[in-house]
Amino acid sequence: MRETTKEFVSKLELKPSQKVLDVGCGICGTEFYMAEHFDVEVVGIDLSINMISISLDVVIGCNCSVEFEVADCTKKTYPDSTFDVI
């Protein structure tokens, strides 16, 4: 894992069982790191079908709470208080 990812995630002060939304998740490295090391649930969204496809291939067999979706963050809505960290 890249040091910049570790440094960024450490600033989020994540706590177990929190729910995290990662907008523009790309190919999912940060999501797995957060889920595996901080026991959080992560939803990653990205406009790129290719990026989400790669992420979905990686998540198969993973024993952590990570899900991915192709979505436009300017149009996607979630109920209030769905996420603890965005």
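Here is a quick tour of the sheet, the helices packed on it and the nonpolar cores.

This is a predicted model, where local features need pLDDT of at least 70, side-chain atom pairs count only at pLDDT 80 or more, and totals for chains, interfaces and linings use all residues. Residues are numbered from 1 along each chain as its sequence is written, and side-chain values use heavy atoms, with hydrogens and water left out.

**The sheet**
- Three strands make an open, parallel sheet in the order S1-S2-S3; strands (E, at least two residues) and helices (H or I, at least four) are DSSP runs numbered from the N terminus.
- Strand S1 (19–23) and S3 sit at the edges, each pairing on one side only; pairing takes at least two DSSP bridges between two strands.
- Strand S2 (residues 41–46) pairs with S3 over five bridges, and Val-42 has Val-66 in S3 as its bridge partner.

**Helices on the sheet**
- H2 packs on the sheet and touches S1, S2 and S3; contact means heavy atoms within 4.5 Å.
- H3 packs there too, touching S2 and S3.

**The cores**
- A nonpolar core is a set of buried Ala, Val, Leu, Ile, Met, Phe, Trp, Tyr and Cys residues joined through side-chain atoms within 4.5 Å, with buried meaning under 20% relative accessible area (1.4 Å probe, protein chains only).
- The largest one has 17 residues, and Leu-14, Phe-32 and Met-34 are among those with the most contacts inside it.
- Helix H2 (29–38), helix H3 (49–59) and strand S3 (66–70) each supply at least two of its residues, with the largest share, four residues, coming from H2.
- A second, separate core of five residues includes Leu-21, Val-43, Ile-45 and Phe-83.

Terms used
Buried < 20%, exposed > 50% of the residue type's maximum accessible area, 1.4 Å probe, protein only. Axes fitted to C-alpha atoms, helices over the stretch in contact; angles between N-to-C directions.
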